[in-house]
Structure formats: C-alpha cells, structure tokens
Amino acid sequence: MSLQDNENELLRLQVFMAHCGVASRRASEKLIQDGHVTVNGNIVTELGTKVSSSDKVAVDGKLIFAEKTKRYVLLNKPQGYICSAQDDQNRPVAVDLLKEKYQERLYNVGRLDMYSKGLIIFTNDGDFAAKLSHPSFELEKEYIIETSQDIPDDFAEKFCKGIRIGDVFYKCKEAEKFKPRKLRVVLIEGKNREIRNVLEEFKIGTKSLTRVRIGSINIDDMKIGDSRDLTKEEVESLLKAKESGGKLI
C-alpha cells in the first residue's frame with residue numbers, strides 16, 4: 001500500500017523516508033540517529049517513531065514528501081564515484097550522475113565501492129530496495145576482475161568452498177579463472193569489499209573490478225556513466241528472482 005492509498009496509515013519514520021526517496025531504510029536510520037530529521041518541527045532520534053503523510057517531516061530542514069512516481073534506474077557506475085546519498089569528504093557521488101535526467105530523489109540499492117565500476121540500481125521505492133538488499137533474497141551479482149598478479153589455479157575452488165579472514169567468512173556462489181590475471185565471480189550476498197579482501201588474502205592486487213550482471217540484467221552495450229530505466233518486466237522479474245535461483249525469469 002502506498003502512502004497515497006491511506007493518508008492515516010502509520011509508518012516507521014525510516015520507512016516513510018525511504019518512500020520519499022531520501023535514502024534506503026538503513027541509511028535513513030543513520031540520518032535519524034544522527035539528528036538530521038525533524039517531525040512537526042521536533043528533532044527525532046528514536047527509530048520506533050511512526051508518522052503519517054499528514055505529519056511534516058524534514059531532513060536537514062527540508063520538507064520531504066512521498067514520491068508519486070516510482071523510479072527504477074540502472075546505472076553503469078564509473079570508477080571513482082561512491083554509492084551514498086552524500087559524502088562528507090566531497091568525493092563524487094554516483095547518484096549525481098542521474099540528477100539531470102531524473103527529478104525524483106533516488107538512492108542506490110546495495111553498493112559498489114569507490115574503486116569498482118559497473119551496474120547498480122537506483123530507486124525511490126523503499127519496499128523494492130529493502131527486498132532486493134536483504135541477504136536472504138539471494139540476488140546474483142556477477143563481476144569480472146583483472147588482477148595485478150597471477151591468480152592461483154585453486155583460487156576459484158577455495159573461494160567457492162569459503163574462506164575465513166579474521167572474523168568474516170567469505171563464500172561466493174561461482175568463480176572461474178579464465179586468464180592468468182582475469183577472474184569471473186558470482187556473489188549472492190556481497191559483504192563489504194568481499195572480492196578485494198579475498199584476493200588480498202592471497203597477496204593479489206585488484207587492477208579493475210566490474211559488476212557486469214544483476215540477476216539477468218546484463219551490462220550489454222551500456223557505456224560507463226550511461227543510465228536507463230528498468231522495464232516493468234525487469235522490475236517484476238527482479239522481485240521474483242529468488243524463485244528462479246537468484247536470476248530473472
């Protein structure tokens with residue numbers, strides 16, 4: 001149910017913010033806890049706070065409203081851009097590449113680190129973002145990696161079986177070495193810097209890392225910095241991806 005369907009519907013504040021296209025629910029929670037959000041003029045830091053569309057909610061003094069048009073955008077992110085609503089260090093932000101084309105406030109579904117490039121989805125639909133981002137949804141993401149050193153022949157097998165580094169356990173769904181310094185990896189969860197951390201454990205540097213597929217949405221002929229709307233069929237299929245083993249149907 002959208003906020004327009006029932007003005008009196010109460011939503012958790014972070015959910016309302018996601019519906020307004022401010023940020024994902026998780027990022028909205030941090031904005032709340034850090035004191036950036038007011039409800040009816042009062043700063044709110046309690047995550048359990050509930051609001052309706054009749055409440056006046058503002059982020060850093062700017063009123064926010066539920067978006068009437070839901071957007072689902074695919075971007076081929078260039079290297080050097082971070083996936084965040086804003087950056088305290090004034091680094092380039094990926095969502096800024098979409099601002100001339102889209103009026104809605106969009107935020108990224110999942111992340112690519114600053115030095116990685118390739119496909120990432122942006123939306124203002126909080127329910128869509130929450131579902132795709134949850135680890136239990138098991139949406140496949142495929143990467144092509146070029147390395148600075150030769151990759152050991154048993155690297156792919158070890159990554160598929162799982163590797164513990166410190167307190168973190170990394171395990172990919174698929175891995176294939178097809179050149180001495182080129183690798184294909186498929187993840188379904190994707191912990192922070194997962195592929196880079198595993199390569200570093202083998203004393204291998206990452207020369208380039210590109211996400212080439214999300215579900216069955218491939219990079220195809222998209223140029224770096226290009227963006228496009230996902231089709232209705234692609235959105236519906238993404239939401240059913242788990243039924244087809246993480247891929248689109």
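1. What share of the contacts in the chain with a separation of 6 or more comes from residues 24 or more positions apart? It's 64%, where a contact means heavy atoms within 4.5 Å.

2. A quick word on what you're looking at: this is a predicted model, where local features need pLDDT of at least 70 and side-chain atom pairs count only at pLDDT 80 or more, while totals for chains, interfaces and linings use all residues. Residues are numbered from 1 along each chain as its sequence is written, and side-chain values use heavy atoms, with hydrogens and water left out.

3. On to the fold: you'll find six helices and 17 strands in the chain. Both are DSSP runs, numbered from the N terminus: H or I over at least four residues for helices, E over at least two for strands.

4. How about overall size? Along the principal axes, the C-alpha atoms fill a box of roughly 60 × 35 × 35 Å.

5. Of the 249 residues, 45% are buried, meaning under 20% relative accessible area with a 1.4 Å probe, protein chains only. Cys20 is one of the buried residues because its relative accessibility is 1%.

6. Now the cysteines: the structure holds zero disulfides, a disulfide being a pair of cysteine sulfur atoms within 2.5 Å. For Cys172, the closest cysteine sulfur belongs to Cys160, and at 3.7 Å that's too far for a bond. Cys172 is also buried, with a relative accessible area of 2%.

Terms used. Buried < 20%, exposed > 50% of the residue type's maximum accessible area, 1.4 Å probe, protein only.
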